[in-house]
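Here are my notes for someone opening this entry for the first time. Please keep the 3D view at hand while reading.

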Amino acid sequence: MLYKISVPQVADVEEIRVLEWHREAGEAVEKGDLLVELETHKAIVEVRAGQKGFLRKILAESGNWQAIGLPLAVLSESESDPVPEDAQALTDLPVDFEIT
Amino acid sequence: MTDQSPTAKLRMMKLIRAFEEALAARPDHGFQLISSGEEAVAVGLCSSLAPQDQLLTGGRSIGPAIARGVDPSRLMAELLGRSSGTNKGKGGRGHIADPASGFFGAHAVVGGNISIAAGVALALQMSGKDAVAAILFGDGAFGAGALHETLNIAASMKLPLLFVCNNNQLSVSTPRSLALAPARLSDIGIAFGIPSQTVDGMDLDAVSAAISSALAHVRAKKGPAFVECISYRFASHSTTARETRSREELAEIRALCPIVKQSRKLKEAGALSEAAELELGRSVAGAVEAALKFADASAMPREEEALQDVI
Amino acid sequence: MSSKPAAAVQKMFFREAIARAMREEMRDNPNILILGQDVGRFGGSYREFDGLFEEFGADRVRDMPVAEAAMVGVGVGAAAAGLRPLVSITYMDFMMLGFDPLINYGAKLRYKTGGQLTAPVVVKTTAGAKGQGVAHSQCIEAWLMSVPGLRVVVPATPADAYGLLKTALRSDGPVVYVDHKRLFPVAGEVPIEEVAVPFGSARICRPGTDLTITSHSFMVRTALEAAKLLEKDGLSAEVIDLRSLAPLDMKTIVDSVGRTGRLLTLEEGQITTGVGAEVVTRVIEHLGPIRFARVGALPAPISSNRVLEAACLPDAGRVAAAARLLQSPKKLVSSC
């Protein structure tokens, strides 16, 4: 099963800048792993995986911008599911996010 | 004032008195605030200031401006609206400015120049120059929030600022006791940790001594200081304000004249002869006459000047 | 048009554009300092001064007590005596406390001293409604437009937040720089080249042919949304971002209305003696009678109540409705 990791619905935020990815494409991730730090106009958001899987494709690299609700990366349960061109149609992966 | 000898200081007080009397006697004197009776405060303060210091005042500016060394001719021209005046005729008494002489300026809003003076002090502090700012205001401004906010900021930032309150005990028609809760205005310093003192504002030497010691504290970069001078004004608040005191009261007040007091003191000490005093009077009269002549020979601003120096 | 390489730009948050302008100007001129609440280590309420305290120190980035009257006075006085302070007033509502030193002294200083002194101070403040209640929501920049000696600028984008602030910090007299609470979440492209935006220059941010919408600050975004709605009705709206209220760029406005024939002014503040009132009057003075409408907040205090705040503030729907009425051949309408 494939998922997209989207920019969380942080209150009062329109778009974010990707600060730093803490995992690379191809890596396995566990539930609770810190995937990426995002910067809003107010604070930094830590996005953590809500379930285990494999990070397959990063869609917004460090320094790039993305709007709330739009995809940041593709994650799959198995290592080798083919990754589609358009990630928007995928199911959202549950994430935990923390504003620091 | 470069010459701070007792005679020079006495002359300066006489100059202020004569200048203001001559101004008030003119039919075109305009709206003026006269400081007759308060000359010791102006001269006691200014004779202790250094050339690089800056003095700011409220609306009763003429005496302090003269004491600070503003040219009486250019001052008279400004008061009579001439474009040869210090402010090109555009400020008048309420806004006299001559920063080159260390008279940063008057401002006619009661209490309005106090926080400005703190800003000037901040600039002096950051410039590293060995200079201080002094703000002269009356008991009428003592209730203003601006004073209390500025005392706090000046103390907190240790600004090189001398607060001088000329308490002539009347704000237009309102006696100090009706308007202000503290009887001793310098007590305000206690609240902010600012060294403060109250002195007799009719005594030139007492004012000079208080100002000198306060300035020493400020110059030592220890923060602001506060001096309250108790004085009496001989005239009403302004040339349009009704007098509120009785003839008897005014006579008692006039008996406290700081000029007469200083003259008597110097004579008793053998430091001033009758002849020397007469000469002072002549010199002062000459300076006032020259000022009036200069002003009368000067033109009013042209109408186009109304739109110059706006922005 | 010959092809020019696109100007190099960098996307950044509104607050970063402000911090960038401050940093560049503070590096360039040691006389610039910041006075405000929570501007030091805290970096400003919107983080608009992030990093400045670390770089320039406590002498140049000073946390002040809450005392707007004295704080503005200190800034104005320091400016008169040779520094170039930026006084930060977190909420425009509280600028009122500083009106005496800013307006009675600062704006009049050059005139009243016959040119001997001037006060190059920037008062930077944040206007606008965002759920914080009647005394934390006002847009009162229109009140300041008529003060002789005062300049007033109103950036609506990060690029202009940056460029106008640079110009403000180089001005020779007092400047009021008004941004908006709802602009801080906005990111936008800012030229990489260190270039200032001049005062008195409006920007056509959306060309159009059927009517001219002038606006400023956050409402420029509302105007652009309204223009998208109007496009669906076949109406082409030209949207002008005023950027500078005093001085106003009448050339750009008059030229636009001369082409479109209709003017809608949009502001978040009140329309009574508002920015729009002045724009409309001056356009009519130039062009003669034109069809116009002014849109602004309802004539009520802006409550923190979600429902009431939304009812009072202009939105794209209201603007589009007013614009459609303008097109009708019937009577002139002045709407709310």
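This is a predicted model: local features need pLDDT of at least 70, side-chain atom pairs count only at pLDDT 80 or more; totals for chains, interfaces and linings use all residues.

1. Which chains touch. Two pairs of chains are in contact, and chains B and C share the most contacts. Chain A and chain B have no contact. Their closest C-alpha atoms lie 30 Å apart. Chain A does touch chain C, with eleven residues from chain A and 13 residues from chain C.

2. Extent of the B and C interface. Chain B brings 35 residues to this contact, and chain C brings 36 residues. About 2,800 Å² is buried between the two chains. Carbon and sulfur atoms give 69% of that area. Three residues stand out on the chain B side: Ile116(B), Met126(B) and Ile311(B). They supply 21% of the area that chain B buries against chain C, more than any other three residues.

3. Polar features between B and C. How many salt bridges cross the interface of chain B and chain C? The rule finds zero. Polar contacts are present, however: ten residue pairs are counted, with both residues at pLDDT 80 or more.

4. What chain B presents to chain C. Three elements of chain B give two or more residues each to this side: β2 (103–106), α5 (114–127) and α6 (145–156). The largest share is nine residues, and it comes from α5(B). By class, the side holds 16 nonpolar, 13 polar and six charged residues.

5. Extent of the A and C interface. Chain A and chain C bury about 1,000 Å² between them. Carbon and sulfur atoms account for 44% of it.

6. Charges between A and C. Here the rule finds five salt bridges across the interface. The structure holds 45 salt bridges over all chains. One bridge between A and C links Arg221(C) with Glu14(A), whose closest N and O atoms are 3.1 Å apart. Arg221(C) lies in helix α8 (residues 219–232) of chain C, while Glu14(A) lies in the loop between β1 and β2 of chain A, so the pair joins two chains. Another is formed by the side chains of Asp12(A) and Lys130(C), at 2.5 Å from N to O.

7. Other features of the A and C contact. Seven residue pairs are in polar contact across this interface, with both residues at pLDDT 80 or more. Strand β2 (residues 15–21) of chain A gives the most to the chain A side, with three residues. That side divides into three nonpolar, two polar and six charged residues.

8. An antiparallel sheet in chain A. Five strands of chain A form an open sheet in the order β7-β2-β4-β5-β10, with antiparallel pairing. Its edge strands are β7 (65–67) and β10 (95–99), each pairing on one side only. Neighbouring strands in this sheet are turned by 35 degrees against each other on average, direction ignored. Strand β5 (residues 44–49) and β10(A) run antiparallel and are joined by five bridges. Within β10(A), Phe97(A) stands opposite Val47(A).

9. A mixed sheet in chain A. Another open sheet of five strands has the order β3-β6-β8-β1-β9 in chain A, and its pairing is mixed. β3 (28–29) and β9 (91–92) are the edge strands. Strands β6 (residues 53–58) and β8 (residues 71–76) of chain A pair in the antiparallel sense over four bridges. Phe54(A) has Ser76(A) in β8(A) as its bridge partner.

10. Backbone details to inspect. Asp12(A) is not a glycine, yet has a positive phi of about 65 degrees. Asp12(A) sits in the loop between β1 (2–6) and β2 of chain A. In chain C, a cis peptide bond joins Ala246(C) and Pro247(C), with omega at about 5 degrees. Pro247(C) is found in the loop between β12 (244–246) and α9 (250–260) of chain C.

Conventions: Residues are numbered from 1 along each chain as its sequence is written. Chains are lettered from A and ligands numbered from 1 in the order in which they are written. Side-chain values use heavy atoms; hydrogens and water are left out. Contact means heavy atoms within 4.5 Å. Buried area is the accessible area (1.4 Å probe) that two parts lose on being put together, summed over both. A salt bridge is a side-chain nitrogen of Lys or Arg within 4 Å of a carboxyl oxygen of Asp or Glu. A polar contact is a pair of N or O atoms within 3.5 Å; within protein, one must be able to donate a hydrogen and the other to accept it, and residues adjacent in sequence count only if both atoms are side-chain atoms. Ala, Val, Leu, Ile, Met, Phe, Trp, Tyr, Cys and Pro count as nonpolar, Asp, Glu, Lys and Arg as charged, and the others, Gly among them, as polar. Two strands pair if DSSP finds at least two bridges between them. Axes are lines fitted to C-alpha atoms, for helices over the stretch in contact, and angles run from 0 to 180 degrees between N-to-C directions.
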